[in-house]
Amino acid sequence: MSEVLEKGKRAKVASFTMMERTTEEKNAALCAIAAQLLQDEAHILQENERDLIEGKEKRIDPAVLDRIMLNHDRLVAIHDALLQVVELQDPIGEILEVIDKENGLHIEKRRVPLGVVGMIYEARPNVTVDAAALTLKTGNAVILRGSSSAKYSNQVLVESIHRALEKTMIPQDAVLLIEDTSRQTASELFTMKEYLDVLIPRGSKALIDTVVANSTVPVLETGAGNCHIYIDEVANPQMATQIVLNAKTQRTSVCNAAESLLIHRKYVEIHGEELIQALLDADVTLYGDEAICNMDSRIYSATDEDYATEYLAMSLSIKTVDSVDEAIQHIQKYGTKHSEAIVTELQDNAKRFQQLVDAAAVYHNASTRFTDGFEFGYGAEIGISTQKLHARGPMGLPALTSEKYYIDGAGQIRQ
């Protein structure tokens, strides 16, 4: 029996046990995991360093290495996110709708667990813990399949989770890791409908596209982030510069970082040089249209490929536009429906942009870096959905639930 099939069976059994676990039991498990992670910090960071050393030897992109890296501060952030999930309301059992029929039938629609969640992801060992936290809180079991680039980190984190669960009412099999990171195990997960209720890919566009194209298991699609900042003709220049620098440089390797900048031509004429200089001073490599390239010899000429690229690095494409509508059209062509922002003092333009831009999160006068489960108050997140069915945007606890109708009668039959 393959590892995937064997763990699929174990997770399915665990999912039935999870249906009976109380909020108090689930919260106790999350607290135990949080404490165990800090207790095991030295070992976790040691194994993470093995991944980083191997990654450097394989010349993995620095942006990917940054996503893999764990340190004390990042581990404390993971710990804190777990405790925030503890504080969140348990959605399981929530009554969403009540219908009382004339024939005496009492119908309630309630939130229930999905069952077994499959998670296939690249780099990001923090996803190992985030996924475990959210699935456990919502009464699900989870099968994790990370990438080879973070294999040691993922293994040691799941070992810590299992040590913590040993002391709780939650079965260890509620969190399982596929340790074989070959393509074959990924392919098996794609078609394991008998044991998986949903599959969530999180990583590169190539990974997500592969899962969507090949999976026979229902997919909760997370998307790449070719995110745009549009600076309108009337914008606070200090605010605009701060937002662009934050969205581009605060952390470049994440999906909510800005990759493209659209600037109204009138703004460029007055404030463009100051903004461009700030970006160059921050060591951002710029790719611009003719108007932007004419401002500095260090700017490269942008191509269609640049406007479509999620750099995940200190690079930014820039285009001048003549109206908010032209900015919206550009985003419709090149955007990935993740996070988009407008910086403007014109309320009508802000309203039009937010209404017409098709994305999971649309900002007015704020950085795209806030599209995150923690920032939205969800604690950890399972991913950021760019699709429109079931869940969209940062996916917290409700996204990992389904619905069930409970009907109580007194002998009614249908005539």
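1. Ser385 belongs to strand β14, which spans residues 384-385. The model is a predicted one, and in it Ser385 is buried, its relative accessible area being 0%. The side chain of Ser385 comes to 2.7 Å from the backbone oxygen of Ala391. Beyond its neighbours within four places in sequence, Ser385 contacts Glu221, Thr222, Ala360, Ala391, Arg392, Gly393 and Met395.

2. How many disulfides does the model contain? The count is zero. Cys227, for its part, takes part in no disulfide, since the nearest cysteine sulfur, belonging to Cys255, is 6.9 Å away, whereas the criterion requires the two sulfur atoms to be within 2.5 Å. Cys227 is also buried, at a relative accessible area of 0%.

3. The largest nonpolar core comprises 66 residues, and Met119, Leu136 and Leu144 are the ones that touch the most other members. Helix α6 (residues 126-137) supplies the largest share of this core, namely seven residues. A further core, of 28 residues, lies apart from the largest one and includes Ala247, Ile276, Val284 and Leu316. As background, nonpolar side chains in soluble globular proteins tend to be buried together.

4. Which residues does Leu144 touch, not counting residues up to four places away in sequence? They are Met119, Tyr121, Thr128, Ala131, Val158, Val175, Leu176, Leu177 and Ile178.

5. Helix α8 (residues 183-190) has Thr185, Ala186, Leu189 and Phe190 among its residues, and these four are buried. Viewed down the axis of α8, the buried residues fall within an arc of 150°, and they therefore line one face of the helix. An α-helix has 3.6 residues a turn, so residues three or four places apart point the same way. The packing partners of the buried residues of α8 are α1 (3-18), β3 (116-121), β4 (141-145), β6 (198-202) and α9 (205-214).

6. Across the whole structure, four aromatic pairs are found. In one of them, Tyr287 and Tyr311 are stacked, with 5.8 Å centre to centre and 10° between the planes. Tyr287 is in strand β9 (residues 285-288) and Tyr311 is in the loop between α13 (304-307) and β11 (315-321), so the pair ties together parts that are 24 residues apart in sequence. Tyr311 counts as buried, at 17% relative accessibility, because the cut-off for that class is under 20%. Tyr287 and Tyr311 also belong, with Tyr300, to one aromatic cluster.

Conventions. Residues numbered from 1 in each chain as written. Predicted model: local features only at pLDDT ≥ 70, side-chain atom pairs only at ≥ 80, totals over all residues. Heavy atoms only, no water. Buried < 20%, exposed > 50% of the residue type's maximum accessible area, 1.4 Å probe, protein only. Helix = DSSP H or I, 4+ residues; strand = E, 2+ residues; numbered from the N terminus. Polar contact = N/O pair within 3.5 Å; in protein donor to acceptor, adjacent residues only side chain to side chain. Contact = heavy atoms within 4.5 Å. Core = buried A, V, L, I, M, F, W, Y, C linked by side-chain atoms within 4.5 Å. Arc of directions from axis to C-beta. Phe/Tyr/Trp six-rings, centres within 6.5 Å; stacked < 30°, edge-to-face > 60°.
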